[in-house]
Amino acid sequence: MWVYLLTAALLLAIGWFIRDREKIGDVKDKYVFITGCDTGFGNLLAKRLDWQGFHVLAGCLTQKGVDTLQRSGSSKLKAVLLDVTDSSSIQKAADWVQAEVGEKGLWGLVNNAGRSIPIGPTEWMRMEDYFKVLNVNLIGLMEVTLTFLPLVKKARGRVVNVASILGRLSFAGGGYCLSKCGVESFSDSLRRDVHYFGVRVCIIEPGFFKTAVTNLEDIENDLQCRWARLSPEVRESYGEKYLEKYVKVQKFTMNAICDGDLSKVTDCMEHALTASYPRTRYAAGWDAKLFWIPLSYMPTVLSDFMLALLLPKPSQSVR
Ligand SMILES: NC(=O)c1ccc[n+]([C@@H]2O[C@H](COP(=O)([O-])OP(=O)(O)OC[C@H]3O[C@@H](n4cnc5c(N)ncnc54)[C@H](OP(=O)(O)O)[C@@H]3O)[C@@H](O)[C@H]2O)c1
């Protein structure tokens with residue numbers, strides 16, 4: 001009995017492995033649009049898809065980003081200015097993409113643009129701090145998706161949304177975890193709604209990687225600003241040493257687990273765009289696979305305990 005079960009499991013695993021490696025045909029007539037290509041994952045993905053022969057259409061937040069990226073690629077790599085928080089900028093980029101792809105439609109839309117700060121204890125936040133992050137990571141992603149969807153539908157293509165393991169487990173206050181949790185939810189609804197039209201939706205869940213999003217100096221400077229504007233009572237409840245300890249935790253997390261190999265994330269994005277059977281979710285990085293995702297499935301009491309071990313306690317803590 002056990003032998004039959006084990007054989008069936010082994011055959012299923014081999015079948016899945018073979019199916020997972022099956023590729024779509026020629027990519028040379030396929031167009032992919034990526035947001036947030038100035039730096040980080042988006043920048044690397046644009047270059048790698050260009051090497052593979054895709055027509056790459058890259059959205060950059062700055063003119064410097066546009067110029068640098070265009071200079072670094074082939075004539076099939078084209079870049080455009082795009083601020084995902086600005087509806088007219090999104091519409092302009094969509095019109096440009098429509099003119100580029102013509103009747104072929106858009107094979108891939110990669111929603112990668114994002115920002116992380118302000119992050120910090122929830123009580124230190126104001127509503128405008130949440131809007132700063134949510135407007136880029138969630139509302140911007142939703143507006144770009146809705147605007148570009150007709151082009152993706154035409155090509156029966158793919159939407160690849162960059163979430164985070166922090167969309168599963170809220171490690172820090174501020175808009176970041178909230179926005180990534182929203183990306184997970186939006187992508188799940190979208191996937192169920194558009195699969196009828198042959199459109200596939202994939203979610204990328206990276207762990208911690210060394211990019212501008214995890215830049216310690218920016219995070220520390222921002223935390224100093226948030227601390228400085230707290231009322232004396234709130235500051236006293238945390239204690240004078242709290243900020244220092246909180247910054248130390250951030251330093252420890254970033255230095256200990258931030259991975260410098262960004263290709264672990266772009267490999268997942270490439271699989272989502274080139275596999276015949278793309279996966280629904282991709283965990284990128286060992287910390288995501290071995291720590292964050294398993295922890296997200298644990299009972300809340302256990303994940304709260306683990307995260308409390310990492311974060312400092314306020315001086316007036318009653319527990
Ligand atoms: N690094 C990590 O550990 C990690 C982990 C999980 C998920 N992620 C996600 O991965 C994605 C890419 O981030 P990254 O790590 O590669 O960091 P990154 O280098 O900072 O890339 C983010 C890109 O988004 C751009 N951007 C910011 N605001 C924008 C706006 N309003 N409109 C258009 N573009 C905008 C940035 O432009 P500027 O450079 O000009 O500001 C930058 O090029 C983000 O969604 C991030 O949340 C990162």
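**View 1. Residue classes in the lining of the second largest pocket of a predicted model.** The lining comprises 11 nonpolar, five polar and four charged residues; here Ala, Val, Leu, Ile, Met, Phe, Trp, Tyr, Cys and Pro count as nonpolar, Asp, Glu, Lys and Arg as charged, and the others, Gly among them, as polar. The model is predicted, so that local features need pLDDT of at least 70 and side-chain atom pairs count only at pLDDT 80 or more, while totals for chains, interfaces and linings use all residues. Residues are numbered from 1 along each chain as its sequence is written, and side-chain values use heavy atoms, with hydrogens and water left out.

**View 2. Centre of the second largest pocket.** The volume of this pocket, the space filled by probe spheres set on grid points joined across faces, edges and corners, is about 630 Å³. Of its 20 lining residues, Ala308, Leu311, Pro312, Lys313 and Pro314 are the closest to the centre. A pocket is an open set of points on a 1 Å grid over the protein atoms alone where a 1.4 Å probe fits, with protein on both sides within 12 Å along at least five of seven lines; lining residues have an atom within 4 Å of a point.

**View 3. Surroundings of valine 159.** Beyond its neighbours within four places in sequence, valine 159 is in contact (heavy atoms within 4.5 Å) with residues including Leu109, Asn111, Thr145, Leu190 and Cys202.

**View 4. Helices at the pocket lining.** α9 (242-257) and α12 (300-310) each supply at least two lining residues of the second largest pocket; α12 gives the most, with three. Helices are DSSP runs (H or I, at least four residues), numbered from the N terminus.
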